[in-house]
Amino acid sequence: MISTFVLFFASAVAIYLACEYFVNGVEWVGHRLELGATAVGTVLAAFGTALPESAVTFMAVVFGTTPDQKDIGVGAAMGGPLVLSTLAYAVVGLALMRLRKRQPASAGDPSIKADQQRLARDQAWFMGIFIFKVGLGLLAFAWKPWLGILFLLAYALYVKRALAAEDTCTEADVLEPLKFRPRDAEPTMGWACLQTILALAVIAVASRIFVVQIEALGEFMGASPHVAALLLAPVATELPEIMNAIIWVRQGKERLALANISGAMMIQATIPSALGIFLTPWLLDGTLIAAGLFTMLSIGVLWLRFRQEAMSLRTLSAVGGLYALFAGYIGWHFYA
């Protein structure tokens, strides 16, 4: 058990350090491609850090030989959006509150310095796709697997819209030197891509180790595969997005932090879902439906506040409480 804890903390540290290199590299890649800050967060960074959780779903639904193993993939596809829409946004809110308390000029400022209307549109996109995804899980019909194609098309359309949207830079978006070339004022695309890809490889390996340790801890605590799939695995696989958000908040780039979570949510609503719909019956039981309802409740709050441009740091932090409520429900359901 000691080795499990050592690997747990070592892999978490490795993910954080690799994310430092990843966010630095992906910003330079976006700069070379002349992309705005929001597009970098919603497309480049989100796609890279979404690979671990997509890999969990892929391995479970493709190579799983038992219903429990396939349940892990379906649970990850449903649990990922729940973690992002609650814990990830809450982490950004808490990190911003902590940062502003340290800065006298912005102390007590409750506002979100980002395009809230654009974030509201992202939440609306996600909500529409997610409702359709949950609805499919309540029905059984022969040609359901073909509908997985619609989810891939929806993500492609989202990416096209994100790349086409205009964006502006602020002083906070000034790039730090590329870590692989700290003395080079204008590193080449090759160096930026190399740093990004190597950092992503470390994130993928460390995330896999982290997931294994989470599963081992779950077994040690007596958690069933279903509980591990819904509560433990998604938290582990969403760690890169959360780490990215913390790093960007620390650098004063909250637009990138929020865009990264928003983009990752769209990936989670489409790509892992398409895999699950292609390769499993995609029928949701009571706990998975509950995960969907808690996710929709969180998204509803986020959409309403962003749409009204009234999102405060306290509200952003408070949505994390919905994950705690869901965890309490799961604990009561399985262990009562």
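User: Glu-186: buried, partly exposed or exposed?
Analyst: Glu-186 counts as partly exposed, at 43% relative accessibility. Buried means under 20% relative accessible area, exposed means over 50%, and partly exposed is in between (1.4 Å probe, protein chains only).

User: What kind of model is this?
Analyst: It is a predicted model: local features need pLDDT of at least 70, side-chain atom pairs count only at pLDDT 80 or more, and totals for chains, interfaces and linings use all residues. Residues are numbered from 1 along each chain as its sequence is written, and side-chain values use heavy atoms, leaving out hydrogens and water.

User: Back to Glu-186. Which side chain does it meet in a salt bridge?
Analyst: Arg-32, at 3.1 Å from N to O. A salt bridge here is a side-chain nitrogen of Lys or Arg within 4 Å of a carboxyl oxygen of Asp or Glu.

User: Asp-122: buried or exposed?
Analyst: Asp-122 is buried, at 5% relative accessibility. Arg-161 is partly exposed, at 25%.

User: New topic. How many helices and strands are there?
Analyst: The protein chain has 13 helices and 0 strands.

User: What about the largest nonpolar core?
Analyst: That core has 81 residues. Helix 10 (residues 254-279) gives the most to it, with 12 residues. A nonpolar core is a set of buried Ala, Val, Leu, Ile, Met, Phe, Trp, Tyr and Cys residues joined through side-chain atoms within 4.5 Å.

User: What is Leu-316 in contact with?
Analyst: Leaving aside neighbours within four places in sequence, Leu-316 touches several residues, including Tyr-89, Val-92, Leu-258 and Leu-302. Contact means heavy atoms within 4.5 Å.

User: And helix 11, how many residues?
Analyst: Helix 11 (residues 286-307) has 22 residues. Its buried residues include Thr-287, Phe-294, Leu-302 and Phe-306. Just after this helix, Glu-309 takes a positive phi of about 55°.

Technical notes. Helices (H or I, at least four residues) and strands (E, at least two) are DSSP runs, numbered from the N terminus. The expected span of a helix is 1.5 Å times one less than its number of residues.
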